[in-house]
Each structure stands twice: as structure tokens, then as C-alpha cells.
There are 2 protein chains.
Amino acid sequence: MANDALAEICRKHPDHFPAFIASLPMNNVEASVQEADRAVKHLGARGVQVFTNVAGEPLSAMRVRPVFQRMAAHDLAVWVHPMRTAQFSDYASEKESQNEIWFSFGWPYETTACMTRLIYSGLLDELPTLKIVSHHMGGMIPYFSGKIKLGFRQIFFGGPERNPSAEDAKLKKPPVDYYKMLYADTALGEVAPTRCGHAFFGTDKCLFATDAPFDSEQGRGLMRNTIAAVNALEISQVEKDAIFSGNAKKLLQL
Amino acid sequence: MANDALAEICRKHPDHFPAFIASLPMNNVEASVQEADRAVKHLGARGVQVFTNVAGEPLSAMRVRPVFQRMAAHDLAVWVHPMRTAQFSDYASEKESQNEIWFSFGWPYETTACMTRLIYSGLLDELPTLKIVSHHMGGMIPYFSGKIKLGFRQIFFGGPERNPSAEDAKLKKPPVDYYKMLYADTALGEVAPTRCGHAFFGTDKCLFATDAPFDSEQGRGLMRNTIAAVNALEISQVEKDAIFSGNAKKLLQL
């Protein structure tokens, strides 16, 4: 029903909404694959969005794999949005996360954990053309790229180019190379972080996006700040245009 | 015993180790305060280090407050190091964190949660001169400064300058202003993230540090990369000198 309604809005207002991204009933993988097909072939969806976990189970679970395989076959992207609630406590002594930590930092942590699990599950070796869009400019990935390049067991049992955990996972490349295969949206809204994220992913993998309408100005503040942050990047106008719209047109096959 | 041994090393090799930071038995707050006094007054410790939680309990617990009060009275800093193990699972369906996520991203998340809890507990209103050093250049704080500036309830029930959760906590300033009161070490080892962290905290709050010896080269790689990252900052040599040593000399009262 939601996807039918989104398709209808796009048909009615094509100048405003050139395309939509379908939602999937991930509690039922078979139905999700069928709905992905229906949304792409019959409704004109140009990708799908899923959440970082399926009722508490990681997206890297092999039973979920057909959804990614189908989207790779369609050559359309999978957008991944974080989801956790205050019930995800930050301390062993407590039942709930306090002070909105589950939201402000827990959501980007979720995105990062999800991307890491997908990568270590071999997803991007199995489907090297799969396009995954990570929210909030890759979550924690860019700021902690140094930690990605130096794993825990690597410190004690590996070498500068030898990561035992990556070897156990039978990854074909250094882990950081897979993180760089991800797309990242610009929904950070600050200049210095956007520079940091762009330095990691590069212009080709950055897509303009905001969290609008989720601020206290119906999204106007987020749009204003995020446009300013992209414009502040020390890159050419051609590259900025790619981030603002060109990359999305390619990814959405518009 | 550990603090006695560190003091002894400093006495024997003053050119190499000008000072040390004491460890505290945080399972016993009264003993921690006594040991902080002993270490500072009798052993020459120039600060203390604690972990982000006390056996699973947040550092913001009021019963731990005397440790911070005493260090504020000494006008010496509290270094906070993250700690969690793989037992801190990332998914409701699992018992353990996989793929070293608990380390690579869980540790900086811990630091961020800890700083947030300390701030919302009113610690920096109670002790505005208290100096706290956050590891890994503030954890997630700089990259997600935009999310700090826009709380969850603020989106729906607040305004551009009104954060209901900060009001409930009776904070006197906007939350982001407290995060900027923290010190941050440079233990990221990458150029773009170091720029992002420096942009948030400013030169005065940045202290050179690495995770040495914890790489697969006994720390040489971390030292090389972190020195290069600080040198790549677009600031004067005077400011770089402050980050490399001047700020630490002030903070440690050397």
C-alpha cells in the first residue's frame, strides 16, 4: 500500500518527485523479493530502502541475502536507514539508553555495525556491483577510518598488511577497500564533518540528502545547512553538481 | 602498586617520562579519592585515568562524583579511556559483537555515551573548571556535531534554540557548548578526521597522543601517521606546537 501510494504521488507530481524508493516487508524475505520486483517493474521504483536490522537480526544473515541479490540484478541501490530505540541500553547496569544517546549516536553506530557485518559476510565479494547507500555519510566509518585499517587481532597477531579477522572472513581485499565501495549521503549538515566524509568516500560516492523534515523548522534548517556544507567543499562546481544531483541521476537510472 | 611503579619509572628516567597519570580503583570510590590524593601529592601524578564505565555502571552516577570533585580541586585532568568487550552485543538476536565491532566502533561509541552522560548529569555546570580528556579525538562527537545540535525531542517538541531533553536535565547552556569544553587527544591517525576533530574542539583543546604501542609495529606506524596528521592541519607552527606539547605542559602543570 505504501509503495502504491508513493508511485501515485510520483505520477501526479513528476516535476517535484521524479522517482521513489520502495519499502520492503523484511520480516518475510520471499515477499520482500516479490515486492522489490513489483515495485521496480510495475511501479517505477528506483531502489529500495531497508533498516539496519530485521527485528533485531543483522542484515548480513544469509536468509536475507536474496533481497541484495535481486537488487544487484536490477542494478538499483539499497538504501539502509538505522533503527534502534531507547531499549538498546548503553550500560550493563541499566535497562534503557538515556539522554537520547540511542538516537544521536546509536543510529550512526547501527549504520556502522550494519555495514561492517555486510562487508565481513562477504556480500561485496559475492555482489561486487551492488550499490549500498549508507545514511549520515557512512555513520562512523570516515572519522574512524584509522581504526578500520587496524583491527584488534591485527595489532597483536597480524602485521601492517595482515588482518587475521579479515582473513578468517575470507575477504579478498583489505576491509577499508570495501567500506569505500559504499555510497554515502550528506545528511550531516555540518561543514567539517562533510569534508571528512567526502575525503573518505570521494565525490563519486556522495549523494546529497538531508534528514528533512526532521528538524524543528519542518526541515528548512537541515536543507539550508546541508546545502551550505556541500558548497563549502573545496571541489569544483562540476563535482558539487555531481553530489547535488548527477550521482543520484546515475544511481536511480533517471 | 601500579602507581608506585609509574612514579619510580618517572624518577629514574625524567628526560623520557616527565610525568605520569595515575590509575584509580573505581570499584571503591572512597579509596579512589584517597589514591588520587596520594598519587598527586606524594607520587607526583599529574592527572588520573578512568574508564568509561565502572563495572557496567555509568561514570555519571552520583556516587562516583567525589572523584571528579577531587580532581577539579587539584586542577588536574581526568583522562577517560573507553572499555567494552565483545559481550556487548550489537543485535538483539545475538550474544556477542562480531567482526571486532565492539572494538573498532564500540570503543568510540562508549566514549561518546560516557561524555554525554557526564554532560547531562550536570557535571560541567557543577565543576566548570574540570578538565576531561576524551580519547580518539572525542569519539563520535565531532563527526556528529550536527546531531548533537538537534535532539530527538527537539525535532518534534522543541525549537531551533529549544532542546526539551537539555531543559529536563536543567543544563544551563546548549548541549554542544559542553562538548566543546572537553579536551580531545589526536589518537585517530588520519588526516581528514583529525581536521574534523580539530575544527570542533579548536587548538586549545587538542592534545597530541597516539594509541602506541598498539599497532603491529610496536606503535611506530601510529606515531608516524598521527604526527603527519597534526602536521597536515592548516594552522600555524605555533598552534601545532601547542597540540604537540604546549597544551599538555599546561594541562599537566609541567
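Me: Is B:R65 buried or exposed?
Reply: Keep in mind that this is a predicted model. B:R65 has a relative accessibility of 3%. Anything under 20% counts as buried, so for B:R65 the call is buried.

Me: Which residue meets the side chain of B:R65 in a salt bridge?
Reply: The N to O distance of this pair is 2.9 Å. The partner sits in helix 6 (residues 123-126) of chain B while B:R65 sits in helix 3 (residues 65-74), so the bridge ties together parts that are 61 residues apart in sequence.

Me: How many residues apart are B:R153 and B:D168?
Reply: These two form a salt bridge, with the closest N and O atoms 3.0 Å apart. B:R153 is partly exposed at 30% relative accessibility, and B:D168 is exposed at 51%. B:R153 belongs to helix 9 of chain B and B:D168 to helix 10 (residues 164-168), so the pair links distant parts of the chain. Their separation is 15 residues.

Me: How many salt bridges does a search of the whole structure find?
Reply: Some of them share partners: A:D4, A:E35 and A:R38 are joined into one network that way. Between chain B and chain A the count is four. Over all chains, the search gives 30.

Me: Which residue of chain B meets A:E94 in a salt bridge?
Reply: This one pairs side chains from the two chains, at 2.8 Å from N to O. The chain B partner is also touched by B:P58, which touches A:E94 too. The name you want is B:R117.

Me: Where does B:P58 lie?
Reply: B:P58 is buried, with 5% relative accessibility. Leaving out residues up to four places away in sequence, B:P58 touches A:Y91, A:S93, A:E94 and B:R117. The C-alpha atom of B:P58 is 24 Å from that of B:D211, a residue 153 places away along the chain. As for its element, B:P58 lies in strand 4 of chain B.

Me: What is the area buried between chain B and chain A?
Reply: The contact involves 67 residues of chain B and 68 residues of chain A. On the chain B side, B:Y91, B:F105 and B:Y143 lose the most area, together 15% of what that side buries. Carbon and sulfur atoms give 66% of the total, which is about 5900 Å².

Me: Which helix gives the largest share of the side of chain B that touches chain A?
Reply: The rule finds 19 residue pairs in polar contact across this interface. Several elements of chain B supply at least two residues each, among them strand 4 (57-58), helix 4 (101-104) and helix 12 (191-201). By type, that side divides into 32 nonpolar, 22 polar and 13 charged residues. The largest share is ten residues, and it comes from helix 5.

Me: What kind of axis relates the two copies?
Reply: Chain B superposes on chain A with a rotation of 180°, a shift of 0.0 Å along the axis and an RMSD of 0.0 Å. The copies also meet through the same surface, because 100% of the interface residues of chain B are interface residues in chain A as well. The rotation and shift thus relate them as by a two-fold rotation axis.

Me: Which backbone oxygen lies 2.9 Å from a polar atom of the side chain of A:S89?
Reply: A:S89 is in the loop between strand 5 (78-81) and helix 4 (101-104) of chain A, and at 14% relative accessibility it counts as buried. Beyond its neighbours within four places in sequence, A:S89 is in contact with A:E94, A:K95, A:E96, A:S97 and B:F88. The backbone oxygen in question belongs to A:Y91.

Conventions
Residues are numbered from 1 along each chain as its sequence is written. Chains are lettered from A and ligands numbered from 1 in the order in which they are written. This is a predicted model: local features need pLDDT of at least 70, side-chain atom pairs count only at pLDDT 80 or more; totals for chains, interfaces and linings use all residues. Side-chain values use heavy atoms; hydrogens and water are left out. Contact means heavy atoms within 4.5 Å. Buried area is the accessible area (1.4 Å probe) that two parts lose on being put together, summed over both. A polar contact is a pair of N or O atoms within 3.5 Å; within protein, one must be able to donate a hydrogen and the other to accept it, and residues adjacent in sequence count only if both atoms are side-chain atoms. Helices (H or I, at least four residues) and strands (E, at least two) are DSSP runs, numbered from the N terminus. Ala, Val, Leu, Ile, Met, Phe, Trp, Tyr, Cys and Pro count as nonpolar, Asp, Glu, Lys and Arg as charged, and the others, Gly among them, as polar. Copies are superposed by least squares on the C-alpha atoms of residues with pLDDT of at least 70 in both. Buried means under 20% relative accessible area, exposed over 50%, partly exposed in between (1.4 Å probe, protein chains only).
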